Amino acid sequence: MVLFPALCSSQDNDFTCSRATFYGSPDCLGNPTGACGFGEFGRNVNGGNVGAVAALFRHGLGCGACYQVRCTIPKLCTDDGVNLIVTDHGEGDHTDFILSPRGYTKLAHPDMAAELLAYGVVDIEYRRISCQYPGYNLMFKVHEHSRFPHYLAIIIIYQAGQKDVTAVELWRADCNEWRGMRRAYGGVWDMPNPPEGALNLRFQVNGADGQQWVQVNNALPSDWKAGVAYDSATQLY
């Protein structure tokens with residue numbers, strides 16, 4: 001079956017035309033080793049409706065962003081498509097999205113999933129939307145590769161809204177100043193020899209309303225542990 005590129009005929013001006021495909025997965029969910037560094041969170045979040053992106057990855061800035069994706073074959077696909085979360089980087093055949101099998105089949109009418117899978121690659125339109133995590137605050141997860149107390153790496157999860165995290169800093173009381181963490185890769189921020197004691201953290205977000213800093217005191221306890229996610233008691237909208 002051969003697909004030919006189609007002009008974007010959507011009446012919604014905020015949609016962008018592209019193409020999407022899907023990747024293999026033994027359980028139809030996300031990839032726990034995805035380039036964003038989300039681990040098991042990246043496999044299960046949003047019911048496994050996740051995906052990899054190419055240009056939209058933006059050197060890791062795009063990790064955790066949410067998009068509405070819908071295919072443009074009316075007889076096969078629903079009007080709403082699927083809302084998905086970016087958890088990985090990947091490039092396909094002129095595609096902006098490589099979806100989990102679960103996410104890809106959500107594009108289709110319930111009785112048309114198998115036929116849509118047979119296409120392999122489909123024309124789509126997409127737009128960025130606000131992420132929503134009802135019942136969850138934003139959380140800081142200490143990455144499994146962290147080694148207390150000498151090396152700290154974190155990822156920000158359950159980040160609602162439509163903003164990009166552009167910087168993360170830790171407060172060093174001994175120097176009376178904020179020190180920047182490094183974006184190690186994807187959505188992972190790290191620092192060797194982090195400050196001792198409970199950690200105050202701030203992160204910079206960039207959105208349609210400009211840039212702002214969000215500060216969280218005692219974001220991590222003095223005895224932080226690798227693999228544990230800590231509730232920030234705050235959320236972005």
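View 1. Over residues 33–136 the chain is 16% helix and 28% strand, with the end C-alpha atoms 23 Å apart. Helices (H or I, at least four residues) and strands (E, at least two) are DSSP runs, numbered from the N terminus. UniProt, in an unreviewed entry, lists this stretch as "domain: Expansin-like EG45". UniProt positions are given in the numbering used here, feature names are shortened, and annotations may be inferred rather than shown by experiment. The model is predicted: local features need pLDDT of at least 70, side-chain atom pairs count only at pLDDT 80 or more, and totals for chains, interfaces and linings use all residues. Residues are numbered from 1 along each chain as its sequence is written, and side-chain values use heavy atoms, with hydrogens and water left out.

View 2. Over residues 150–232 the chain is 0% helix and 63% strand, and 23 Å separate the end C-alpha atoms.

View 3. Domain 1 brings 12 residues to the contact and domain 2 brings 16 residues, where contact means heavy atoms within 4.5 Å. About 1100 Å² is buried between domain 1 and domain 2, and carbon and sulfur atoms give 53% of this area. Buried area is the accessible area (1.4 Å probe) that two parts lose on being put together, summed over both. On the side of domain 1, Phe41, Leu61 and Arg128 lose the most area to domain 2, together 48% of what that side buries.

**View 4. The salt bridge of Asp164 and Arg128.** The side chains of Asp164 and Arg128 meet in a salt bridge (3.1 Å, N to O). A salt bridge is a side-chain nitrogen of Lys or Arg within 4 Å of a carboxyl oxygen of Asp or Glu. Between domain 1 and domain 2 the count is 2 salt bridges.

**View 5. The salt bridge of Asp14 and Arg127.** The structure holds 14 salt bridges, including one between the side chains of Asp14 and Arg127 (2.9 Å, N to O). Asp14 lies in the segment before strand S1 (16–22) and Arg127 in strand S6 (residues 122–129), so the pair ties together parts that are 113 residues apart in sequence.

View 6. Most residues other than glycine have a negative phi, and most peptide bonds are trans. Phe148 and Pro149 are joined by a cis peptide bond, with omega about 0 degrees. Pro149 is found in the loop between strand S7 (139–142) and strand S8 (151–157). Asn176, a residue other than glycine, has a positive phi near 55 degrees. The loop between strand S9 (164–172) and strand S10 (177–180) holds Asn176.
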